[in-house]
Amino acid sequence: MKEKLFKFVFISPHYDDVIGSCSCLIDFLIREKYSVDILTVFSKKYFGIKSELAQDILDFCGLENGTVERERENQRACSYLHADADDLLFYDAIYRKSTCGEWLYNSFIDLFGKVNEQDNILQQKLFQKIQSRYMPYESFLFFPSAKGGHVDHKIVNQVGFLLRKAGYNIAFYDEFSYNENCNYMSGLVKRKLLFSAVELHTKINAVGFYKSQHRMLFQNKSVEEYYYNMNQVNSNWFELYYLFPGERNLVDILSFKNEI
């Protein structure tokens, strides 16, 4: 098959976000010989004294450091999908401090609340870092919809809008479980891409590598039970994406997948 020039880039706030949301599409793109990058934003290792919030989360997940163990999980998942993985090396919200040395986010209310204004600089740095890596005419970038309200997802989501204004091809992916009644991506066009049970099984296998996150993400369900019971349409499963109307979009570029 003729090599595709277009590169598809999936921006993941944390190590499991893109794999848990977009693995079916990623697997398909790679099998079609497209170039695929997975960039994890908040992946810088933190070795200092942790906040009470950070320690509680690590204890719940059975992790000692967090970033170190999760990086290994991510490497295995990306290797399984044959995707190129890289880290953008910003601190996770639970490790970020103010200029005065205080924790920016020290509770779950903070973590799922308003983005601290001191993170505006971080957002600009992330914008510049991605812009310096990819040219707008040869890349299609996927950003999280930030539907869950986590501050890290909100920051990355807004960088997607900034890059779109700079002329990049941008789409947004829905993270994990989907709620079609949400209006967090109002004004954009929904696209449900259909995948087979075989393709879904690949996604389940990839997510299986993130064992430290299973308890938090799936609660009392197995990975298989979670995905097989979600987004099923006539023995097919879909992933949900958001596109800008009236512009060159995901479906136009790929023109390969059934959608509903």
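**Close-up 1. The largest cavity of the predicted model, with a volume of about 60 Å³****.** A cavity here is a set of points, on a 1 Å grid over the protein atoms alone, where a 1.4 Å probe fits but cannot get out, and its volume is the space filled by probe spheres set on the points, with grid points joined across faces, edges and corners. By this rule the count comes to one cavity of 30 Å³ or more. Helices (H or I, at least four residues) and strands (E, at least two) are DSSP runs numbered from the N terminus. By class, the lining has seven nonpolar, one polar and two charged residues, where Ala, Val, Leu, Ile, Met, Phe, Trp, Tyr, Cys and Pro count as nonpolar, Asp, Glu, Lys and Arg as charged, and the others, Gly among them, as polar.

**Close-up 2. The largest pocket, with a volume of about 870 Å³****.** A pocket is an open set of points with protein on both sides within 12 Å along at least five of seven lines. The largest pocket is lined by 35 residues, and those nearest its centre are His14, Asp17, His150, Met216 and Leu217. Two or more lining residues come from each of α2 (52-61), α3 (67-81), α4 (108-111) and α8 (214-218), and the lining as a whole divides into 16 nonpolar, 11 polar and eight charged residues.

**Close-up 3. The second largest pocket, holding about 290 Å³ of space****.** Of the 13 residues that line this pocket, Arg96, Gln118, Asp119, Leu122 and Lys125 lie nearest its centre. The lining comprises six nonpolar, two polar and five charged residues.

**Close-up 4. The contact of helix α5 (residues 120-133) with helix α6 (residues 151-165)****.** In this contact (heavy atoms within 4.5 Å), Leu122, Gln123, Gln124, Leu126, Phe127, Ile130 and Gln131 of α5 meet Ile155, Val156, Gln158, Val159, Leu162 and Leu163 of α6. The contact residues divide into nine nonpolar, four polar and no charged.

**Notes.** The model is predicted, so that local features need pLDDT of at least 70 and side-chain atom pairs count only at pLDDT 80 or more, whereas totals for chains, interfaces and linings use all residues. Residues are numbered from 1 along each chain as its sequence is written, and side-chain values use heavy atoms, with hydrogens and water left out.

Technical notes
Axes are lines fitted to C-alpha atoms, for helices over the stretch in contact, and angles run from 0 to 180 degrees between N-to-C directions. On a 1 Å grid over the protein atoms alone, a cavity is a set of points where a 1.4 Å probe fits but cannot get out, and a pocket is an open set with protein on both sides within 12 Å along at least five of seven lines; lining residues have an atom within 4 Å of a point.
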